[in-house]
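Here are my notes on this one, written as a few numbered points. Have a look at the fold first, then read along.

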Amino acid sequence: MDRPSPSHSPYDSPNPHRLYRDPEHGVIGGVCAGIADYFGVQPILVRLAMVIGLFFFAPPVILGYVIAVLALPVKPRQLYSNPDEEAFWRGVSIKPDRTLAGLTQRFRDFEKRVAGVEAYVASKEFELNRAIRDLDR
């Protein structure tokens, strides 16, 4: 019986789409850039919300920002292997029901194509075409 190692939880997700700091695209620590990347919005919108929050709730916003700088990991350089993988994992995180529906549809389409191939291979037309091709040899 395979048991997971103590450092690996069975509840861990293979989804690399997590909240990270993005210092490469950030101004101070990359927190706003990381939040914007996570939610798929422009960093300027998150920065604008941060500035507005500073006017009304300065101490909690500053404390939250400092905690985020210390607690959030830095975004890895090669988080996704290609743009399709990134789009897939973002979809899983943001709209899991749509992603599941999309995968279901793709498998249905694949199943229809396989059924079509099976029907052709099992048909008399396939046997006739194979017999004619064998005569040409």
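**Notes on the model**

1. Start with the order of elements: from the N terminus on, the protein chain runs α-α-α-α-α. Keep in mind that this is a predicted model. Counting up, you get 5 helices and 0 strands.

2. How much of the protein chain is buried? Of its 137 residues, 18% count as buried.

3. Now for contacts along the sequence. Taking those in the protein chain with a separation of 6 or more, 49% are between residues 24 or more positions apart.

4. Which residues make up the largest nonpolar core? There are 7 in all: Val-31, Cys-32, Ala-36, Val-46, Tyr-65, Ala-68 and Leu-72. Helix 1 (31-39) and helix 2 (43-71) each supply at least two residues of this core. As background, nonpolar side chains tend to be buried together in soluble globular proteins.

5. Cys-32 deserves a click. Leaving aside residues up to four places away in sequence, Cys-32 touches Val-46, Arg-47, Met-50 and Tyr-65.

6. Last, the largest pocket, with a volume of about 210 Å³. It is lined by 13 residues, and the closest to its centre are Val-27, Ile-28, Cys-32, Met-50 and Tyr-65. Helix 1 and helix 2 are the elements that give two or more residues to this lining, and helix 2 has the largest share, with 6 residues. By class, the lining has 10 nonpolar, 2 polar and 1 charged residues.

Key:
Residues are numbered from 1 along each chain as its sequence is written. This is a predicted model: local features need pLDDT of at least 70, side-chain atom pairs count only at pLDDT 80 or more; totals for chains, interfaces and linings use all residues. Side-chain values use heavy atoms; hydrogens and water are left out. A nonpolar core is a set of buried Ala, Val, Leu, Ile, Met, Phe, Trp, Tyr and Cys residues joined through side-chain atoms within 4.5 Å. Buried means under 20% relative accessible area, exposed over 50%, partly exposed in between (1.4 Å probe, protein chains only). Helices (H or I, at least four residues) and strands (E, at least two) are DSSP runs, numbered from the N terminus. Contact means heavy atoms within 4.5 Å. On a 1 Å grid over the protein atoms alone, a cavity is a set of points where a 1.4 Å probe fits but cannot get out, and a pocket is an open set with protein on both sides within 12 Å along at least five of seven lines; lining residues have an atom within 4 Å of a point. Grid points are joined across faces, edges and corners, and a volume is the space filled by probe spheres set on the points. Ala, Val, Leu, Ile, Met, Phe, Trp, Tyr, Cys and Pro count as nonpolar, Asp, Glu, Lys and Arg as charged, and the others, Gly among them, as polar.
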